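Subject: Structure handover

Hello,

Here is the structure we discussed, with the sequence alongside. My notes follow below it.

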Amino acid sequence: MSLAEAGVEANVLAESGNERDLAKLRAAWADELEAAARSEDYRERAAAYRAVGQFRFRQKEELLRRGLEDDSPACRGSALLSLELLSREHPRTVNSVRPLLHTLANADDNDAVRRLAIMALRNGSAQRDTIVLIQGIADEEGLDREVRQTAAKVATGLEKRAKAR
């Protein structure tokens, strides 16, 4: 079984609430996940960053920070997918890397990475600086239409959460 296949299996276990088997799978794959995150091959690194989220591996969140700074858009995207997944119930995950997410959302060369960064920011605290940044992206002429639409939706959602407090 490959790391990617183990990640899919881990995700199934996590979604079904089977914590015992998920913990066993985490223990069995922890070292290989670490090694893959240090690989020279961007595909192996991307699989490792994606697996962090699929395994719900909170102990490996620091790997995601490294993934957000990776040269490969595939690796940054995989790290963002995992960050978004881990932050659904824990805004701390997004809040701890907010400056990096702001940079990716605002200035990454890859539009898919920008959209994923914006989507991850929706799970963090509804801070004013994030809302203003995302509204600016939504209003910016010349940007990819999907990036602008995603930004508009996320900004609206964050504003509603901020007002509800």
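I begin with histidine 102, which sits in helix α7, a helix that covers residues 98-107. The model is a predicted one. Histidine 102 counts as buried because its relative accessibility is 16%, and the cut-off for buried is under 20%. Setting aside neighbours within four places in sequence, histidine 102 has contacts with Leu121, Asp129, Thr130 and Leu133.

Alanine 138 belongs to helix α9, residues 128-139. With a relative accessibility of 12%, alanine 138 also falls under the 20% limit and therefore counts as buried. If residues up to four places away in sequence are not counted, alanine 138 touches Arg148, Ala151 and Ala152. From alanine 138 to lysine 153 the C-alpha distance is 8.7 Å, for a sequence separation of 15 residues.

Arg148, Ala151 and Ala152, the residues that alanine 138 touches, have numbers that fall in the range of helix α10, residues 145-164. Glutamine 149 is in helix α10 as well. Its relative accessible area is 39%, so glutamine 149 is partly exposed; that class runs between the 20% limit for buried and the 50% limit for exposed. Glycine 124 is 25 residues away from glutamine 149 along the chain, and their C-alpha atoms are 19 Å apart.

At the other end of the numbering, valine 8 is part of helix α1, residues 3-16. Valine 8 is partly exposed because its relative accessible area is 48%, and exposed would require over 50%. Between valine 8 and aspartate 31 there are 17 Å from C-alpha to C-alpha, with a separation of 23 residues in sequence.

One backbone angle deserves a note. Most residues other than glycine have a negative phi. Arginine 56 is not a glycine, yet its phi is positive, at about 55°. This residue lies in the loop that joins α3 (42-54) and α4 (61-68).

Arg56 is also one of the residues that line the largest pocket; the others are Arg58, Leu85, Leu86, Arg88, Glu89 and His90. The space in that pocket is about 180 Å³. Sorted by class, its lining consists of four charged residues, two nonpolar residues and one polar residue.

Now the protein as a whole. How many helices and how many strands does the protein have? There are 10 helices and zero strands, so that the order along the sequence reads α-α-α-α-α-α-α-α-α-α. The C-alpha trace spans about 45 × 35 × 20 Å along the principal axes.

Of the 165 residues, 48% are buried. Among contacts with a separation of 6 or more, 64% link residues 24 or more positions apart. The accessible surface is about 8,600 Å², and carbon and sulfur atoms account for 47% of that area.

Regards

Terms used: Residues are numbered from 1 along each chain as its sequence is written. This is a predicted model: local features need pLDDT of at least 70, side-chain atom pairs count only at pLDDT 80 or more; totals for chains, interfaces and linings use all residues. Side-chain values use heavy atoms; hydrogens and water are left out. On a 1 Å grid over the protein atoms alone, a cavity is a set of points where a 1.4 Å probe fits but cannot get out, and a pocket is an open set with protein on both sides within 12 Å along at least five of seven lines; lining residues have an atom within 4 Å of a point. Grid points are joined across faces, edges and corners, and a volume is the space filled by probe spheres set on the points. Ala, Val, Leu, Ile, Met, Phe, Trp, Tyr, Cys and Pro count as nonpolar, Asp, Glu, Lys and Arg as charged, and the others, Gly among them, as polar. Helices (H or I, at least four residues) and strands (E, at least two) are DSSP runs, numbered from the N terminus. Buried means under 20% relative accessible area, exposed over 50%, partly exposed in between (1.4 Å probe, protein chains only). Contact means heavy atoms within 4.5 Å. Accessible areas come from the Shrake-Rupley method with a 1.4 Å probe; for residues, only the protein chains shown count as cover.
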